[in-house]
Amino acid sequence: MDIEDDEEHIDSIAHHGHRDGNGILPVSGLYENWFLEYASYVILERAVPNLFDGLKPVQRRILHVMKEMDDGRFNKVANIIGSAMQYHPHGDAAIGEAILNMGQKDLMIETQGNWGDIRTGDSAAAPRYIEARLSKFALEVTFNEETTEWQLSYDGRKKEPITLPVKFPLVLAQGVEGIAVGLATKIMPHNFIELCEASIDLLKGKRVSVFPDFPTGGMADFTNYNEGKRGGKIRCRAKIESADGKKVLIKEIPFATTTESVIDSILKANDNGKIKIKKVIDNTAKDVEIEVQLAPGVSTDMTIDALYAFTDCEVSISPNACVITEDKPVFYSINDILRQSTENTLHLLKRELENELGHLENKWHFSSLEKIFIENKIYRHIEDCESWEEILKMIDTKIKPFKKLLRRPVTMDDIAKLPEIRIKRISKYDAFKADEYIKGLEEQIGHVKNHLDNLTDFAIDYFKNLIKKYGKGRERKTEIRMFDKIETNVVAVANEKLYANYAEGFVGYGLKKDTYICDCSDIDDIIAFRKNGTYVVSKVSEKQFLGKDLLYVDVYRKNDERKVYNVAYYDGKSGVSFVKRFNVLGVIRDKEYDITMGTSGSKLLYFTANNNSEAEKIGIHLSNMASAKVKYFDYDFATLDIKGRSSKGNTLTKHPIRKIELKEKGKSTFKGRDIWYDLDIGRLNVDGRGQYLGNFTSDEKIIILFNDGSYELTDNELSNRYTTNDIYLIQKFHEKQPINVLHYDASSKNYYVKRFLIETSTVGKKFSFINEKPGSKLILASTHENPEIEIKTVSAKGEKKTESILLADFIEVKGWKALGNKITYDNFKSAKLLSEKIGAWQEEETENSNDKSSKDADGGIVIDELDGQKTLF
């Protein structure tokens, strides 16, 4: 946004108010007229870019001045600012800020000196120390005097362009942000190459959709982008890597942040107890690197999630595409702006071709007249004429027989140029060269006419040429991803200790003298059950009253299906005792709920909270006054289904109960959970997104084979974070599962096959199963019992061979550090997986999960790079 002093402008428009007969100006009219004119002025002349050249007035004037000053050399920015003030009446500060902004975008202006750094927020040097000139790209696509519409500058002394004839969607490439009066615009920068390719697709009649590309890199989720219109939202994230389990490295930062602001937000989150870190070090030089050292015992995956949740490592941006067209601000979608920009480019190219054709035809016309004038020696008759009028009349008469050979009528201006031909030129006139020159002009005219007849193809070639000339180094920097939703209360560090006074009903982290419950964060919710069968969920605080006679207090996790409550309660109305098992998946905060049927006299007889759906056995002692013959019996909660919290439950007994005791601790009735791997976000989930990995109990593991020839075992926690591009294979781990590998060993320069079992049990640590010498690489890998691979080789004599090998027959299972058996003595060319035999452990997995439509044969993902293509096995 430009911030300038507009008092002079307000004074200049004051006379527009309408006065009454007594010369008094009503306040209502004054406000209406002044405000409307001022708002219109700021919108049209200051803050919002024009649709067709993508420039604000100050930017347009800067480029115009730089074109006037252009001699191929750099100019001091201070000189450019001074010259621009002839056209822009708002002071040097606004012009300086605008030129720095354009220079940092590295598209229209070529810079020299210290222009600052958008990544770190470092400011540029003073304008007298830095230099600039127009880039070759700007010179090619921006300027053409013949297709430019002009107007007088603010003081009437100079001409300036109304809009520049920009043949490129500049407003989308550079992006723009401006705050006017009553409206604002915010258009994100887009990728140069993608814009050119999208324009080509539009010219071919295809539908397109483009997404922003930020100079700071990072990752972005455009799910709710809404084509850049009002109401859309972009989620931008830093690129964060885990390093040696003790620190994380921030390699790229979100758009509109700096390394300084990111570090400040991390320190603030640490001070507020949201994350636990030991130190933050800014190692940024050529590339961004912020090193975050973790406190002992802190998980890197949880820290990365917490950084996204509580710091500027994730920011939301709300686009609002507004541009000026026909002297009015209009809200467009990004795709509409691109379409209109492409149409404008097509129109400008047509005008340039028509102008070029006119110039060529004029050259042909005069060259033909000159040829007639000289070859027919018409110039000799000039000395017989006594006046200029007689000379022109004579020439007109002499060339009259040849006029039919020309392409347009001969004007007096054409005739007037002929006597001005120098005698030296006439004496050295070469008819052959003249004919060749005219022939060349005719060829050029033919090319231009062909371009006009095939204007769309010409425009397509124009955009392709832009990519070829200026596209190098402008590849996409921002990775397009879909982000998962981070539950802040899950990833927040437990920075408080929760206490409860069960009898009095007070709960909070300020009750230091009462019963300790657990560690929690200050954004957690807590759940409290009372002896009368009611419970409530409330936000944790220093001290709050949740009702007397509390029975159970804990941190509440929404949608936790594994947490199961086993309850026996007495119904006060019927006198019957019931048992039930239930989850508390979702509640309204501070609303009271009832486990019982809510009748008077109802109460809890037995209650347990089970984190992994354990179901115990209990012993029920009936009252001595009960009419039942058997006064004691057992009950197993495992026979009871888990239902909703409002369910009535099953009848336990109709007789009065004296007491209930725990007879046998229960085992989990949870049969495990189905887990999928989402390749787009690199996270595990239970929602069915991505590839099915299998059904997991809490102690079962996941194995990952990486493209660099290493493997890692992880647990199946949904908080785990994986980098899909680094993964060759990810699936459920089985101890008896053989790993089959074809790899290249850089030390011996040969290809080997090996089969091994995972012998390590450490979770979260990588182990390399191929040679770590540079040049060694993984070719193929499979976890099937006996995969078949096809090898293509070329012998020393040039004979091509293809052979198939069953790996289980070729080599036995050995240790994971073994080199393996050499696969061939000929020159290796390629290998591919043909078929795989499912082992016994895989048959069981397939039978148990044959209803999962998104899984592959072994419940895992194998991504193989062969001949530059990824193949899903």
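A: What follows goes through charged pairs, then ring pairs, then surface patches and a few places in the backbone. The model is predicted, so local features need pLDDT of at least 70 and side-chain atom pairs count only at pLDDT 80 or more, while totals for chains, interfaces and linings use all residues. Residues are numbered from 1 along each chain as its sequence is written, and side-chain values use heavy atoms, with hydrogens and water left out.

Side chains of opposite charge can pair when their charged atoms come close. With a salt bridge taken as a side-chain nitrogen of Lys or Arg within 4 Å of a carboxyl oxygen of Asp or Glu, the count comes to 36 salt bridges. One of them joins Arg-237 to Glu-314, with 2.7 Å from N to O. Because Arg-237 lies in strand S9 and Glu-314 in strand S14 (residues 314–317), this pair ties together parts that are 77 residues apart in sequence; helices (H or I, at least four residues) and strands (E, at least two) are DSSP runs, numbered from the N terminus. Arg-237 counts as buried at 2% relative accessibility, and Glu-314 counts as buried at 16%, where buried means under 20% relative accessible area, exposed over 50%, and partly exposed in between (1.4 Å probe, protein chains only).

Another salt bridge brings together Glu-479 and Lys-239, whose closest N and O atoms are 3.4 Å apart. This pair links distant parts of the chain, since Glu-479 is in strand S17 (residues 479–480) and Lys-239 is in strand S10 (residues 239–243), 240 residues apart. Glu-479 is partly exposed at 24% relative accessibility, and Lys-239 is partly exposed with a relative accessible area of 25%.

A further salt bridge is made by the side chains of Arg-683 and Asp-305, at 2.9 Å from N to O. Arg-683 belongs to strand S35 (residues 683–685) and Asp-305 to helix H10 (residues 300–310), so the pair ties together parts that are 378 residues apart in sequence. Both Arg-683 and Asp-305 are buried. Salt bridges can also join into a network, as they do for Glu-194, Asp-213 and Arg-476.

Next come the rings. A pair of aromatic rings is described by the distance of the centres and the angle of the planes. The structure holds 33 aromatic pairs, counted where ring centres of Phe, Tyr or Trp (its six-membered ring) lie within 6.5 Å; planes under 30 degrees apart count as stacked, over 60 as edge-to-face and the rest as tilted. Phe-211 and Phe-222 form a stacked pair, with 5.3 Å centre to centre and 20° between the planes. Phe-211 is in the loop between helix H8 (192–203) and strand S8 (219–221), and Phe-222 is in the loop between S8 and strand S9 (234–237), so the pair ties together parts that are eleven residues apart in sequence. Phe-211 is partly exposed, with a relative accessible area of 28%, whereas Phe-222 counts as buried at 8% relative accessibility.

Tyr-711 and Trp-816 form an edge-to-face pair, 5.9 Å centre to centre with 85° between the planes. This pair links distant parts of the chain, 105 residues apart: Tyr-711 is in strand S38 (residues 710–714), and Trp-816 is in the loop between helix H18 (807–810) and strand S46 (821–822). Tyr-711 and Trp-816 are both buried.

Ring pairs also link Phe-529, Tyr-535, Tyr-552, Tyr-565, Phe-582, Tyr-593 and Phe-607 into a cluster. Within strand S21 (residues 525–530) sits Phe-529, which is buried, with a relative accessible area of 0%. The C-alpha atoms of Phe-529 and Ile-595 are separated by 9.2 Å, although these residues are 66 residues apart along the chain.

Finally, two places in the backbone deserve a look. Asp-106 has a positive phi of about 55° although it is not a glycine, and its place is in the loop between helix H5 (92–104) and strand S2 (109–112). Ser-613, also a residue other than glycine, has a positive phi near 55°. Ser-613 lies in the loop between strand S28 (603–610) and strand S29 (614–622), and counts as buried at 0% relative accessibility.

As for surface patches, these are made of residues with over 30% relative accessible area and no salt bridge, like charges being joined within 9 Å and nonpolar side chains (Val, Leu, Ile, Met, Phe, Trp, Tyr) within 5 Å. Lys-792, Lys-800, Lys-829 and Lys-832 form a positive patch, and Lys-832, in strand S47 (residues 827–835), is partly exposed at 41% relative accessibility.

Notes:
Accessible areas come from the Shrake-Rupley method with a 1.4 Å probe; for residues, only the protein chains shown count as cover. Lys and Arg count as positive and Asp and Glu as negative; His and the chain ends are not counted. The place of a charge is taken as NZ of Lys, CZ of Arg, CG of Asp or CD of Glu.
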